[in-house]
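Hi everyone, thanks for making time. I'd like to walk you through one structure today, so let's bring it up on the screen.

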Amino acid sequence: MEQDVFALTRGTAPLLVSIPHAGTLIPHALERRLTPAALQRADVDWHLPRLYEFVHAMGATLIAANYARHVIDLNRPPQDESLYPGQDVTGLLPMDTFRKEPLYLPGEAPDAAERDERRERFWRPYHEALRAELERLRARHGQVVLWDAHSICSELPRFFEGKLPDLNLGTADGRACAPAVQAAAEAPMKAQGGYTHVSNGRFKGGWITRHYGAPGSGVHALQLELCQCTYMDEIAPFAYRTDLAARVQPLLRQMVTAAVEARPQG
C-alpha cells in the first residue's frame with residue numbers, strides 16, 4: 001500500500017470520517033506540465049482536517065488524502081461514469097478547474113495509460129484503506145457511520161446559480177443511510193438560523209457516499225459539502241479563519257454526533 005497517498009488515524013468509535021479532497025501535493029514531474037491556474041490549487045477542500053479535528057476526541061477514524069484532486073479525484077467512479085448525468089461535472093482525471101481554466105499546458109494532457117497508472121498509484125490505495133477501515137469498525141460495532149467531508153467555493157457558476165447554501169447534506173436521496181440517521185443529522189442543521197442549508201440538493205453525495213453507503217449492511221454514509229466562506233477565505237492564499245471556524249465547528253459536531261447516535265443498533 002502506498003502510505004503517502006493518505007493520512008490515517010485509527011479510532012474505535014463507530015465513525016469514519018473521509019476527506020478525499022483535502023490533499024495539496026502534486027508530484028514534481030506533473031507540476032511541470034500544469035498551468036498556473038492548476039498550481040494555485042483553488043479547487044482543494046482546504047483545511048478540512050483542521051476543521052474536523054474535533055472528531056479525534058470522539059474516537060473517530062479519519063482518512064484524508066495527501067494529493068490534490070488534480071492528480072486524480074478520489075470521489076469519482078474508477079471507470080469515470082458521470083455522477084450527475086446531463087450536468088457539467090469534472091471527472092476522474094480533471095482536465096480543467098472549477099472555473100473552466102485548463103489544468104494542463106498545451107500537449108501535456110494525460111493519456112489513457114497515464115490515467116490507469118494514476119488510478120493504481122493514488123485511487124486504489126485510498127479506497128482499499130477506506131474499505132478496510134469500514135470493515136474493521138463494522139466488525140466491532142455492527143452499524144457504522146461514514147461521514148464524507150467536503151467543501152467548495154460558495155459561488156461557482158459552472159455548477160450552480162448564485163450562492164450555494166452553506167451546508168449541503170447528501171445521502172444519495174436517502175439511499176446511503178437509514179432515514180433515522182439522515183433525520184438526526186438534519187435536526188441540528190434545521191434548528192439553527194445562522195447558516196443556510198439543504199439536503200440532497202445540488203450535491204447528493206459523490207461516489208464514496210453512493211458506493212459505500214449500504215444501510216442494509218450496516219454502513220450509513222452521508223456527505224456534507226460545506227461552503228468555504230463558513231470557515232476560510234475563498235481567495236488565495238485561502239487562509240483558515242479561526243473566528244469563522246469556531247462558529248461552525250459546534251454545529252458540525254452536533255450533526256456528526258447525532259448521526260452516530262441515531263444509527264440502528266446491532
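Let me start with a question: which residues does W147 touch, not counting residues up to four places away in sequence? W147 touches L15, L16, V17, S18, Y52, L169, A185, L222, L224, M255, V256 and A259, where contact means heavy atoms within 4.5 Å.

A quick word on the ground rules. What you see is a predicted model, in which local features need pLDDT of at least 70 and side-chain atom pairs count only at pLDDT 80 or more, while totals for chains, interfaces and linings use all residues. Residues are numbered from 1 along each chain as its sequence is written, and side-chain values use heavy atoms, with hydrogens and water left out.

Back to W147, then. Together with L51 and Y52, W147 has the most contacts inside the largest nonpolar core, which has 86 residues. For the record, a nonpolar core here is a set of buried Ala, Val, Leu, Ile, Met, Phe, Trp, Tyr and Cys residues joined through side-chain atoms within 4.5 Å. Buried means under 20% relative accessible area, exposed means over 50%, and partly exposed is in between, with a 1.4 Å probe and protein chains only. Helix α7 (residues 242-262) gives the most to this core, with eight residues. Helices (H or I, at least four residues) and strands (E, at least two) are DSSP runs, numbered from the N terminus.

Now to the sheet. Seven strands make an open sheet of mixed pairing, ordered β1-β3-β2-β4-β7-β5-β6. Two strands pair if DSSP finds at least two bridges between them. At the edges sit β1 and β6 (197-199), each pairing on one side only. On average, neighbouring strands of this sheet are turned by 15 degrees against each other, direction ignored. Those axes are lines fitted to C-alpha atoms, for helices over the stretch in contact, and angles run from 0 to 180 degrees between N-to-C directions.

Let's zoom in on β2. Strand β2 (residues 15-19) pairs with strand β4 (residues 144-152) in the parallel sense over four bridges, and L16 stands opposite L146 in β4. Four bridges also join β2 to strand β3 (residues 61-65), again running parallel, with S18 opposite I63 in β3. How many of the five residues of β2 are buried? Five of the five are, so β2 is largely enclosed by the rest of the structure. Both faces are covered: L15, V17 and I19 are buried on one side, and L16 and S18 on the other.

Next, the charged side chains. In general, side chains of opposite charge can pair when their charged atoms come close. This structure holds 21 salt bridges, a salt bridge being a side-chain nitrogen of Lys or Arg within 4 Å of a carboxyl oxygen of Asp or Glu.

One of them joins D4 and R121, with the closest N and O atoms 3.1 Å apart. D4 lies in the segment before β1 (6-9) and R121 in helix α4 (residues 112-141), so this pair ties together parts that are 117 residues apart in sequence. D4 is partly exposed at 32% relative accessibility, and R121 is partly exposed at 21%.

Another salt bridge links E31 and R41 at 3.2 Å, N to O. E31 is in helix α1 (residues 28-31) and R41 in the loop between α2 (36-39) and α3 (48-51), so the parts they tie together are 10 residues apart in sequence.

Within helix α4, R124 and E128 are four residues apart, about one helical turn, and their side chains meet in a salt bridge at 2.8 Å, N to O. R124 is partly exposed at 26%, as is E128 at 31%. Salt bridges that share partners also join R33, E108, E114 and R118 into one network.

One last stop: D43, in the loop between α2 and α3. D43 is buried, with a relative accessible area of 3%. The D43 side chain reaches the backbone nitrogen of F98 at 3.0 Å. Not counting residues up to four places away in sequence, D43 touches R69, H70, T97, F98 and R99.

How values were computed:
Polar contact = N/O pair within 3.5 Å; in protein donor to acceptor, adjacent residues only side chain to side chain.
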